[in-house]
Amino acid sequence: MNCEVSLILEHKYEQLQQMSDDPLNQVSQVFEKSLQYVKRFSRYKNPDAVRQVREILSRYQLAEFELCVLGNLCPETVEEAIAMVPSIKNRGRALDDEAIEKMLNDLSLIKRFE
């Protein structure tokens, strides 16, 4: 998810800044642009919230790409979630509309109290 990449890149950025004694030795422009992108589009900023989102979505036996799409885009309704990730209904899992609704409610609670 973008929020996980953001945490990783921020940590790497801090490491690079600490290791660099030379002020002219800066991180690459691609690195900085990537960091700016994931920070801008991260729905969750708090590391604990990021961990909780991963844990909640992992409970539903989602594929990695399904987990990332739902974690990045944060759909508000079951219909939005299914439109974004149609496979959550098709993969033989017992994810009915009520289970998807509970998952979305859990995610919205994390966002609300972050």
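**Entry 1**

I started at Lys39, which counts as partly exposed at 40% relative accessibility. For my notes, buried means under 20% relative accessible area, exposed means over 50%, and partly exposed lies in between (1.4 Å probe, protein chains only). The model is predicted, so I note that local features need pLDDT of at least 70, that side-chain atom pairs count only at pLDDT 80 or more, and that totals for chains, interfaces and linings use all residues. Residues are numbered from 1 along each chain as its sequence is written, and side-chain values use heavy atoms, with hydrogens and water left out.

I then looked up what Lys39 pairs with. The side chains of Lys39 and Glu10 meet in a salt bridge, at 3.9 Å from N to O. Glu10 lies in helix 1 (residues 2–19) and Lys39 in helix 2 (residues 29–40), so this pair ties together parts that are 29 residues apart in sequence. Glu10 is partly exposed, with a relative accessible area of 26%.

Two terms need their rules here. A salt bridge is a side-chain nitrogen of Lys or Arg within 4 Å of a carboxyl oxygen of Asp or Glu. Helices (H or I, at least four residues) and strands (E, at least two) are DSSP runs, numbered from the N terminus.

**Entry 2: other salt bridges**

How many salt bridges does the rule give? I get a count of seven. Side chains of opposite charge can pair when their charged atoms come close.

I looked at Arg54 next. Arg54 forms a salt bridge with Glu64, and the closest N and O atoms are 3.0 Å apart. This pair links distant parts of the chain, with Arg54 in helix 3 and Glu64 in helix 4, 10 residues apart. Both count as partly exposed: Arg54 at 22% and Glu64 at 47%.

I also checked a pair within one helix. Lys102 and Asp106 meet in a salt bridge at 3.1 Å, N to O. Both lie in helix 7, four residues apart, about one turn of the helix. Lys102 is partly exposed at 46%, whereas Asp106 counts as buried at 14%. Elsewhere, salt bridges that share partners join Glu4, Arg54 and Glu64 into one network.

**Entry 3: cysteines**

I searched for disulfides, meaning pairs of cysteine sulfur atoms within 2.5 Å. The structure holds zero. Cys3 counts as buried, at 2% relative accessibility. For Cys68, the closest cysteine sulfur is in Cys3, at 8.7 Å, again too far for a bond.

**Entry 4: backbone angles**

Although Cys74 is not a glycine, its phi is positive, about 50°. Cys74 is found in the loop between helix 4 and helix 5. Gln61, also not a glycine, has a positive phi of about 55°. I place Gln61 in the loop between helix 3 (47–58) and helix 4 (64–73). Gln61 is exposed, with a relative accessible area of 60%.

**Entry 5: Ile100**

Is Ile100 buried or exposed? Ile100 is buried, with a relative accessible area of 0%. Its place is in helix 7 (residues 97–112). I compared its position with Arg43, 57 residues apart along the chain, and the C-alpha atoms are separated by 19 Å.
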